Amino acid sequence: MTMISIGQLIGLRAEQNPNRPSITHGDRTITRREFELRTNKLARAYEDLSVSEGDFVTIALPNGIEFYEAAIAAWKLGATPQPISAKLPLNEQQAIIDLAEPSLVVGVEPGTHGERICIPAGFEPESSIDEGPLPDKTARFWKAPTSGGSTGRPKLIVAEQPGCFEPNQPTLRMIVDGVQLVPGPLYHNAPFSFSTSGLFFGNHIVVMSRFDAMESLRLIDKHRVDWVCMVPTMMHRIWRLPPEERDCHNLSSLQIVLHLAAPCPVWLKEAWIDWLGPDRIHELYAGTEAQGATWITGEEWLGHKGSVGKPFPGTQMKIVDEVGNSVPVGTIGEVFMRPDAGPGTTYHYVGAEPKSIEDGWESIGDMGSMDEGGYLYLADRQTDMILSG
């Protein structure tokens, strides 16, 4: 298996098929070749603004081509993209920036954060900057999304994986040279991670400014999308469309509908399985920390309704009581997990400490149970939360 840097991956795709669409947003499409040249130039502009290998680059941009250009430019310098919502109140933005200490903040007016270097949305490099290939660099940490849902305080979840991938081994049942629809906000971990990975594997990324039920179906039809990730709220809004509207688009290209991030009501999942077929409906359970994950296909789910699946290879999971003892099959307790490679091999926090027990077992706060076959069923969060967005 040959791993190559993200910068090399983008260059490889441009070399293989320079005129193939790379990203579409609204009425604009950028080809692989255009994307390669623009991100080369942008990376050099960032370098002139003091971005160096090993730095964080905070990206406060809305969904669009510019967001992806900023992330790729950072990776090409060996820096780590650190996405945040472009709509964050200034004090919340400042709290994250204080943690990340980025060398550059993209999407923010200069002077917003004192002496820290900021560039506004719509920034364009000088036309004289070279657009040729850059020296190959690999980011030590490939991403650093934020989270505060469990504590109310911001933290960075820094992936331990470096910024390099195997070009012909796509993950999560994607295909090489596929087409992916991105209906979710790019400052969230899943849309960010999955769509940028899609770029690395040559996918044409069709990114929406914001989710719209009817528009998502139209885009799947128009661009022959084969892979999409949704949350149950999106699935519910699509299902609430009048049947004549929901069924007027050709969705035959769609191979994978992956849902995650919140519990999916049994009735809604059954409705989607009846509509599109069980082979196309899949579910992933994991935290941004990636200490563990489960996956379940639609076919499996029909035999284990309500389950989020069995642990991925390389993942260990157990259910424990209040004092840390494993509970019997079918008994609800707190879900703990750890990677086979050991604690700290998938992520580290900036601004928080993991909730752990002995031997490196960690929890992200979910309650659940396991059946005799090792299928996980989630019950609730340990602390009350309102899921929004």
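This is a predicted model: local features need pLDDT of at least 70, side-chain atom pairs count only at pLDDT 80 or more; totals for chains, interfaces and linings use all residues.
1. Aromatic pairs. The count of ring pairs comes to 14. One of them joins Trp 75 and Phe 200: the ring centres sit 5.5 Å apart and the planes make an angle of 75 degrees, so this pair is edge-to-face. It brings together distant parts of the chain, with Trp 75 in helix H3 (residues 65-76) and Phe 200 in helix H5 (residues 189-200), 125 residues apart.

2. Phe 200 again. This residue also pairs with Phe 165, this time in a tilted arrangement, with 5.0 Å from centre to centre and 40 degrees between the planes. Phe 165 belongs to strand S10 and Phe 200 to helix H5, so the contact ties together parts 35 residues apart in sequence.

3. Buried or exposed, for Trp 75 and Phe 200? Trp 75 has a relative accessibility of 2%, and since buried means under 20%, it counts as buried. Phe 200, at 0%, counts as buried too.

4. Arg 246 and two Trp rings. The charged end of Arg 246 sits over the ring of Trp 239, 3.7 Å from its centre. Arg 246 also lies over the face of Trp 275, where the distance to the ring centre is 5.6 Å.

5. A three-stranded sheet. The open sheet has 3 strands in the order S8-S9-S20, with antiparallel pairing. Strand S8 (146-147) and strand S20 (347-350) are at the edges with a single partner strand each, so one side of each has no neighbour in the sheet. S8 pairs with strand S9 (residues 155-159) over 2 bridges, and Ser 147 has Lys 155 in S9 as its bridge partner. Helix H4 (residues 90-100) lies across S8, S9 and S20, at about 45 degrees to S9.

6. Positive phi. Most residues other than glycine have a negative phi, so here are two to look at. Ser 50 has phi near 100 degrees; its place is the loop between helix H2 (32-48) and strand S4 (56-59), and it is partly exposed at 36% relative accessible area. Asp 177 has phi near 65 degrees. That residue is in the loop between strand S10 (164-165) and strand S11 (179-182), partly exposed with a relative accessible area of 37%.

Key. Residues are numbered from 1 along each chain as its sequence is written. Side-chain values use heavy atoms; hydrogens and water are left out. Helices (H or I, at least four residues) and strands (E, at least two) are DSSP runs, numbered from the N terminus. Buried means under 20% relative accessible area, exposed over 50%, partly exposed in between (1.4 Å probe, protein chains only). Two strands pair if DSSP finds at least two bridges between them. Contact means heavy atoms within 4.5 Å. Axes are lines fitted to C-alpha atoms, for helices over the stretch in contact, and angles run from 0 to 180 degrees between N-to-C directions. Rings of Phe, Tyr and Trp (its six-membered ring) pair if their centres lie within 6.5 Å; planes under 30 degrees apart count as stacked, over 60 as edge-to-face and the rest as tilted. A charge sits over a ring if NZ of Lys or CZ of Arg is within 6 Å of the ring centre and within 35 degrees of the ring normal.
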